[in-house]
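Please keep the sequence and the model in view while reading.

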Amino acid sequence: MSHIFEEKNSNFMLNYKVVQHSQTTQNLSSTTSWTTLSGSEISYTPAIGSDFVIYEYVFQRSKWTSNTINLKCKLRYSDDDGSSWSDYGNNTNAMFGSIDNNVRSRNLTTIKLCLDSWGNTSKKLKIAGLVHSGNIRLHKLTQFYDSGGTTGDRYIKPYVICYSVRN
């Protein structure tokens, strides 16, 4: 992992932290086992006096095969530096995809959540994903057009952002 920048303050956004992951490809096909989406994990301590924490995860997703895909996502957290993880709770889930075999879903995807501030303690946050049906590939562009034609070796490295907000 490499940090782009960290600790930027303004009147409303406090303790701005961005982490970009070096992961190039992650393939998901399990319909029964939740898997951490690479590049979604971040350790964060809210700013003193903040009311909310914004968690944002940006990643590329695309079909791996021709069948339908639906990716279920949920926010997880750890209070003990990653030794154990729990589901964050209500309104921190998302689902992406299509129910039609003919739809080719290749998108830059953002999960952005507004969480109540948890005080001056550190938490680790991450997104766990589960494939509802089909197979999904993360972070790799299926096709990229450059001066030499079409290539399949281009990637969008995922990144995660956290910052505190004072109301």
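Which residue is the bridge partner of K74 in β11?

## Strand β7 and its partners

In this predicted model, the bridge partner of K74 in β11 is A128. That bridge belongs to an antiparallel pairing in which 9 bridges join β7 to strand β11, the latter spanning residues 123–133. K74 also has a bridge partner in β9, namely N93, and the pairing of β7 with β9 (residues 93–97) is again antiparallel, with 5 bridges.

A further antiparallel pairing, over 2 bridges, links β7 to strand β8, which covers residues 86–87; here Y77 has S86 as its bridge partner. Because 7 of the 9 residues of β7 are buried, the strand is largely enclosed by the rest of the structure.

## S78 in β7

S78 lies in β7, which runs over residues 70–78, and its relative accessibility is 1%, so S78 counts as buried, the cut-off being under 20%. The side chain of S78 reaches the backbone nitrogen of G82 at 2.8 Å.

When residues up to four places away in sequence are set aside, S78 touches S83, S84, W85, K123 and K124. As for S122, which lies 44 residues from S78 along the chain, the C-alpha atoms of the two residues are separated by 8.9 Å.

## E56 in β6

Is E56 buried or exposed in this model? With a relative accessible area of 14%, E56 is buried, and the residue is found in strand β6, made up of residues 52–63. Its contacts, leaving aside neighbours within four places in sequence, are with T110, I111 and K112 and also with Y159, V160 and I161.

## Aromatic pairs

How many aromatic pairs does the model contain? The count comes to 3 aromatic pairs, one of which is formed by Y16 and Y163, whose rings are stacked at 5.3 Å centre to centre with 25° between the planes. Since Y16 lies in strand β2 (residues 13–20) and Y163 in strand β15 (residues 159–165), this pair ties together parts that are 147 residues apart in sequence. Both Y16 and Y163 are buried.

Y57 and F59 form another aromatic pair, likewise stacked, with a centre-to-centre distance of 4.7 Å and an angle of 15° between the planes. Y57 is buried, as is F59.

## Cysteines

The structure holds 0 disulfides. A disulfide is a covalent bond between the sulfur atoms of two cysteines.

## The chain as a whole

The chain contains 15 strands and 0 helices. Of its 167 residues, 41% are buried, and the chain exposes about 8,800 Å², of which carbon and sulfur atoms supply 44%.

What share of the contacts between residues at least 6 apart in sequence joins residues at least 24 apart? Within that set of contacts, the share is 76%. The pair of Y16 and Y163, tying together parts 147 residues apart in sequence, is an example of a link between parts of the chain that are separated in sequence.

Conventions: Residues numbered from 1 in each chain as written. Predicted model: local features only at pLDDT ≥ 70, side-chain atom pairs only at ≥ 80, totals over all residues. Heavy atoms only, no water. Helix = DSSP H or I, 4+ residues; strand = E, 2+ residues; numbered from the N terminus. Buried < 20%, exposed > 50% of the residue type's maximum accessible area, 1.4 Å probe, protein only. Contact = heavy atoms within 4.5 Å. Polar contact = N/O pair within 3.5 Å; in protein donor to acceptor, adjacent residues only side chain to side chain. Pairing = 2+ DSSP bridges. Areas by Shrake-Rupley, 256 points an atom, 1.4 Å probe, with all protein chains shown as cover. Disulfide = S-S within 2.5 Å. Phe/Tyr/Trp six-rings, centres within 6.5 Å; stacked < 30°, edge-to-face > 60°.
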